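Thank you all for coming. I would like to walk you through one protein model this morning, going from the overall picture to one helix pair and then to the sheet.

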Amino acid sequence: MSQGLVRYIGVSNWAAWRIAKALGRSELHDYARFETLQAYYSIAGRDLEREIVPMLNDEQMGLLVWSPLAGGLLSGKFGRDTQAAGSRRATFDFPPVDKERAWACVDAMREVASAHDVSVARVALAYVLAKPFVTSVIIGARRFEQLDDNLAATALQLEPAELAKLDAVSALPSEYPGWMFERQGASRVPKPFEPTRAKSEG
């Protein structure tokens, strides 16, 4: 029996198959279902787009992103030849990131940031927030100026050409069965994600 103590329930860091299995059991037994997933996602770490995003789309679940700046790696303080001494990422290399792809993303974001006269971190957050499957992000600022800059990402509207550029530089390499779906035709490719922000608010 529902006691009204919790409005929505969610899960963190689960595989798509496990979430789908839990949702099936919830429906079978008339239990409250998971409405949101808390997971890692960033422009340099788009892995969840392979299986998790299509599942979220199909099940109409929201996504709450943790570490959208990849532990500070996408803050603009780091690059191929730049390491920010004293930062958390300098001593705790987490979450794991393909560094070459990350540096390519940072280079592209520097150009976008320069065009808007904003920080690289703001562009990185705006990119994640522009994805229709993202409900919200968790930020971690150590100083008030960082917090102000992070929050300002909600007002940064990236142009379609800029989003396309960032999508291209951060694209995941094709893996099976994805490349087989592409070969077999559009009817086999998972449908794009539909916005679920309104459902997950509360």
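Of the 202 residues of the protein, 38% count as buried, where buried means under 20% relative accessible area with a 1.4 Å probe, protein chains only. Please keep in mind that this is a predicted model, in which local features need pLDDT of at least 70, side-chain atom pairs count only at pLDDT 80 or more, and totals for chains, interfaces and linings use all residues. Residues are numbered from 1 along each chain as its sequence is written, and side-chain values use heavy atoms, with hydrogens and water left out.

The protein has nine helices and four strands, these being DSSP runs of H or I over at least four residues and of E over at least two, numbered from the N terminus.

Let me turn to the helix pair. Helix H4 (residues 99-116) packs against helix H5 (residues 120-129) at an angle of about 100°, and their axes, which are lines fitted to C-alpha atoms over the stretch in contact, with angles running from 0 to 180 degrees between N-to-C directions, are 8 Å apart. That makes H4 roughly perpendicular to H5, a term that covers 65 to 115 degrees. Met109, Arg110, Val112 and Ala113 in H4 meet Val120, Val123 and Ala124 in H5, with contact meaning heavy atoms within 4.5 Å.

Finally, the four strands form an open sheet in the order E1-E2-E3-E4, with parallel pairing, where two strands pair if DSSP finds at least two bridges between them. Strand E1 (9-12) and strand E4 (136-137) stand at the edges, each with a single partner strand, so one side of each has no neighbour in the sheet. Strand E3 (residues 62-66) pairs with E4 over two bridges, and the bridge partner of Leu64 in E4 is Ser136.

Technical notes. Buried < 20%, exposed > 50% of the residue type's maximum accessible area, 1.4 Å probe, protein only. Parallel < 35°, antiparallel > 145°, perpendicular 65-115°, else oblique.
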